[in-house]
Amino acid sequence: MRKVYIIAAAMLSLWLLAACSDGVQSGSGGNSADTSLGSIRSENTVIREPSSTSTPVNSGPVYTGTVYKVVIDPGHGGEDPGATSVSGRFEKDFNLSVSLAIAAKLAQDPQIQIELTRTGDAFISTHESYRPEFANNLPADLFISIHGNTYEDASASGTESFYYHDESQAFAETIHKHVIQATGLKDRGVKVENFFVVRETKMPAVLLELGYLTNPGDEARMWTFDFQEAVASAIIDGIREYLQLD
């Protein structure tokens with residue numbers, strides 16, 4: 001009888017050990033998918049902003065109208081920092097901050113689907129033409145590349161917008177009209193330029209230089225929350241006007 005108790009106790013111990021092991025693998029302490037906006041699976045993987053779990057589910061009618069895909073491209077990233085500002089900050093961080101603000105504002109808009117070329121500090125090689133190819137492959141309806149400007153003369157100041165193809169001119173002018181009011185900086189106009197991100201995209205595309213990070217006055221405004229929120233809202237207003245959305 002003693003042997004039976006010993007064998008039963010041993011079997012019970014083995015069963016409890018197996019149960020604990022399964023719990024570690026499948027419980028909260030195990031591997032889980034990172035669904036945060038800043039997470040990136042690989043250098044060239046874009047992760048769309050997830051729906052907030054704290055937002056109540058919309059019980060209203062499901063939207064069945066046209067959904068426009070808009071690519072927001074935070075310029076530079078990773079080992080490519082872009083311009084260095086007067087205070088030593090990097091353009092790549094400014095570009096991403098404004099882009100994330102746009103995505104956040106449009107997260108619940110059923111008419112516009114925002115896609116970001118990067119959601120964190122990822123390096124995307126210009127030689128691979130990933131940015132325009134990503135937009136072309138969606139395919140996107142609009143493309144906007146966000147940048148901060150730089151120049152060796154610290155007095156250079158202002159906001160300017162660039163496009164390449166003729167069919168992008170109206171879009172660039174519409175976005176610029178709204179953005180220049182938001183920045184409050186010198187209006188440097190809308191210009192044609194052979195930037196690859198606006199040259200190789202197959203939809204209306206614009207590259208925005210929102211201000212000069214090498215100008216003390218511009219830079220002091222560009223890093224503020226109010227400036228970035230105002231610019232994000234202005235870009236959205238331009239998108240809505242161009243697409244003729246309510």
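This is a predicted model: local features need pLDDT of at least 70, side-chain atom pairs count only at pLDDT 80 or more; totals for chains, interfaces and linings use all residues.
First, the ground rules. Residues are numbered from 1 along each chain as its sequence is written, and side-chain values use heavy atoms, without hydrogens and water.

The whole-structure search gives 8 salt bridges. The term means a side-chain nitrogen of Lys or Arg within 4 Å of a carboxyl oxygen of Asp or Glu.

Start with D121 and K92. Their side chains meet at 3.1 Å, N to O. D121 sits in the loop between β2 (112-116) and α3 (130-137), and K92 in helix α2 (residues 91-105), so the bridge ties together parts 29 residues apart in sequence. Helices (H or I, at least four residues) and strands (E, at least two) are DSSP runs, numbered from the N terminus. K92 is buried at 8% relative accessibility; D121 is partly exposed at 47%. Buried means under 20% relative accessible area, exposed over 50%, partly exposed in between, with a 1.4 Å probe and protein chains only.

Next, D109 and R240. N to O is 2.3 Å. This pair links distant parts of the chain, 131 residues apart: D109 in the loop between α2 and β2, R240 in helix α7 (residues 225-243). D109 is buried, at 12%.

Last, R188 and E160. Their closest N and O atoms are 3.5 Å apart. R188 is in strand β5 (residues 187-192) and E160 in strand β4 (residues 159-163). E160 is buried at 4%. R188 is partly exposed at 26%.
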